[in-house]
Amino acid sequence: MATSSADIESELKRFGLPQYRLGEFLGSGSYGRVWAAENTSTNPVTKVAVKKIVFGLLSEDPTLRAFNARRVLREVTFLGYFRNHPHIVTLLDIAMSPERNCILAVMEAADTDFGKAHGQRHLGFDEPGEVHDVPAALRPALHAQVQRGSP
């Protein structure tokens, strides 16, 4: 399993995503590891995030691993449905390994992630009282999903 930046850079090419140049390692989350990156095919070069999700690492229990793999794929599907929504990161590219044991997901860069925002008492909003605006911000995305039909 590739874990170094050089290994991931090589995998980007092997997965057919050579236009992304890896930057610093940002951290690990529930489903994988994330790196800052740049899309070198855009002018100007744009900042993105590359997330590597290895299905085998989701759990040692095969039943739980299959369940978690379905959750990951459902999340990726939802990111596709909510493309260009102002409150949800846009999924730009995705590729599965030839062995079908991991995926690389390329998303627009965000200034924070849910884990870091959740660790802050006010979830990254200017004022703690603004948390009530989260459902209002998500309402247009949910409405768009209903208009399209369920995934």
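Two strands pair if DSSP finds at least two bridges between them. Strands (E, at least two residues) and helices (H or I, at least four) are DSSP runs numbered from the N terminus. The model here is predicted, so local features need pLDDT of at least 70 and side-chain atom pairs count only at pLDDT 80 or more, while totals for chains, interfaces and linings use all residues. Residues are numbered from 1 along each chain as its sequence is written, and side-chain values use heavy atoms, with hydrogens and water left out.

**Exercise 1. Trace how the strands pair up.**

Step 1: get the element order. The chain has 4 helices and 5 strands, and from the N terminus on they run α-β-β-β-α-β-β-α-α.

Step 2: start with β1 and β2. They run antiparallel and are joined by 6 bridges; Tyr20 has Asn39 in β2 as its bridge partner.

Step 3: move on to β3. Here 8 bridges tie β2 to β3, again antiparallel, and Arg33 finds its bridge partner in β3, namely Lys52.

Step 4: bring in β5. It is joined to β3 by 7 bridges, antiparallel, with Val50 partnered by Val106 in β5. Strand β4 (residues 91-96) also runs antiparallel to β5, through 5 bridges, and Ile94 has Ala105 as its partner there.

**Exercise 2. Which side chains meet in salt bridges, and are they buried or exposed?**

Step 1: apply the rule. A salt bridge is a side-chain nitrogen of Lys or Arg within 4 Å of a carboxyl oxygen of Asp or Glu, and the count comes to 2.

Step 2: take Lys52 and Glu11, whose side chains meet at 3.1 Å, N to O. This pair links distant parts of the chain, with Lys52 in strand β3 and Glu11 in helix α1 (residues 5-14), 41 residues apart.

Step 3: look at the burial of that pair. Buried means under 20% relative accessible area, exposed over 50%, and partly exposed in between (1.4 Å probe, protein chains only). Both Lys52 and Glu11 are buried; Lys52 counts as such because its relative accessibility is 5%.

Step 4: take the other pair, Glu38 and Arg21, at 2.3 Å, N to O. Glu38 is in strand β2 and Arg21 in strand β1 (residues 20-28), 17 residues apart. Glu38 has 25% relative accessibility, so it counts as partly exposed. Arg21 has 43%, so it counts as partly exposed too.

**Exercise 3. Work out what builds the nonpolar cores.**

Step 1: set the rule. A nonpolar core is a set of buried Ala, Val, Leu, Ile, Met, Phe, Trp, Tyr and Cys residues joined through side-chain atoms within 4.5 Å. As background, nonpolar side chains tend to be buried together in soluble globular proteins.

Step 2: The largest core has 15 residues, and Leu12, Leu17, Tyr20, Leu22, Val50, Leu104 and Val106 touch the most other members. At least two residues each come from α1, β1, β2, β3 and β5 (102-108).

Step 3: Contact means heavy atoms within 4.5 Å. Setting aside neighbours within four places in sequence, Leu12 is in contact with Leu17, Pro18, Tyr20, Leu22, Val50 and Leu104.

Step 4: In β5, 6 of its 7 residues are buried, while across the chain's 151 residues buried ones make up 30%.
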